There are 2 protein chains.
Amino acid sequence: MAPEKLYEGKAKIIYSTDDPELISQKFKNDATAFDGKKKGQIEHKGVRNAAITTRLFRVLEEQGIITQLVEQTADDTLLCKRLEMFQVEVVVRNYAAGSICKRLGFDEGHKMKKPMLEFFLKDDSLGDPLITDAHIEELELLTRAERDEIEQLTLKINETLVQFFAERKVLLVDFKLEFGKDSEGHIVLGDEISPDTCRFWDADSREKLDKDRFRRDLGGVEEAYEEMLNRVNQ
Amino acid sequence: MAPEKLYEGKAKIIYSTDDPELISQKFKNDATAFDGKKKGQIEHKGVRNAAITTRLFRVLEEQGIITQLVEQTADDTLLCKRLEMFQVEVVVRNYAAGSICKRLGFDEGHKMKKPMLEFFLKDDSLGDPLITDAHIEELELLTRAERDEIEQLTLKINETLVQFFAERKVLLVDFKLEFGKDSEGHIVLGDEISPDTCRFWDADSREKLDKDRFRRDLGGVEEAYEEMLNRVNQ
């Protein structure tokens, strides 16, 4: 059976496979920012993000985190377990940067007393708004048990990645995760972890090594993604 | 000692009194909406909101809620205990209306499965943003115990007021509360409860009897405030 395009997002295309339990994720070079108002291309991004995600998901699996990844099947393509994705994004902030600075008045680089979790509703038409536990409950996005398990998984992922990146002289400023449920009802880490979905700062110079270079027209965008691929492979 | 103006807000002026433990709140006719972008006057609003707040605070005190109110000293003026106000606003929603419909896609009039509490940061320069428990903790706006006590007080206030208004054929759609600490460290209800800070719908016709008539240019603004004063005094 020919692969069928199931979904095309801003940065990835999801295809069916012969196995109904598996999907194929193709990473694109397309880049968007500010709710799609800014659009562009970042050369080699698809290939680099596929490789970075593969490496990081393997690191997390060594710590007992279940991920969607089965195997990398092409430079820009990952074979993945099909999940029923939750309609929420989880953001972890170790330092303040980006939207939270404007929203709540934090200085960029403010160190959080402890990792701050935020939930956002995945809804492009609403601009992916911040949601509270009360909203999650009213909208029935997660049960209380699912919410708490996702919080615990997210904190463990953060702990693992903070250390992994510290060893590579990278500050993990913040990042976004998406989870889903597999056919057996397990909560599984999905989507990607890459410079598209994280803020990475060089630990010494605090130079930005992520999509903020694209968002803010800082130049050296491709080089930052290449640098991060090199560092995760150290 | 002549009263000194301590603070002038959008709808009230706070004056000092001879007693350092007491302040005087004068209710104004000034009305603003949409973060101050829309401005106007609502005739007799000051007098009516002072009377409505007095009545509602007395009703709440009968149920054991401690309020800031000492006594009404003029048509538009309340003598109040001085509080150290928390830098948060608490919103209770029994039905969806206003900002939450745009923010999360609820239809206006959607009945919440249970009263929904939201916390907002009191900061005009940031537009009073929605905050989560994680933000409250990081910004040290409330201790966990204060947050939980405020939640319990708010739910009790909501229960009392929903019933009070139901007996007067009014649907309490949503409302905003502000709390502070008195000199003994008790958490006390402050500010006001009025058509400026609540959404009231006639229970039968669902006609709006609150500041939405001003916000949305529906006409009959003064009449709505007068009607609500009459209903609370039934």
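Reply: B:Lys114 forms a salt bridge with A:Glu137, and the closest N and O atoms of this pair are 3.0 Å apart. A salt bridge here is a side-chain nitrogen of Lys or Arg within 4 Å of a carboxyl oxygen of Asp or Glu. Between chain B and chain A the count is six salt bridges.

The model is a predicted one, in which local features need pLDDT of at least 70 and side-chain atom pairs count only at pLDDT 80 or more, while totals for chains, interfaces and linings use all residues; side-chain values use heavy atoms, with hydrogens and water left out. Residues are numbered from 1 along each chain as its sequence is written, and chains are lettered from A and ligands numbered from 1 in the order in which they are written.

The size of an interface is often given as the accessible area lost when the parts come together. Between chain B and chain A, about 2,000 Å² is buried, and carbon and sulfur atoms give 61% of that area. Buried area is the accessible area (1.4 Å probe) that two parts lose on being put together, summed over both.

The arrangement of the chains can be described next. Two copies of a chain are related by a rotation about an axis and a shift along it. Chain B is superposed on chain A by a rotation of 180 degrees with 0.0 Å of shift along the axis, at an RMSD of 0.0 Å. This is the relation of a two-fold axis. The superposition is by least squares on the C-alpha atoms of residues with pLDDT of at least 70 in both copies. Both copies use the same surface, since 100% of the contact residues of chain B recur in chain A. Among the residues of chain B, B:Thr132 comes closest to the rotation axis, its C-alpha lying at 2.8 Å.

Conventions: Contact = heavy atoms within 4.5 Å.
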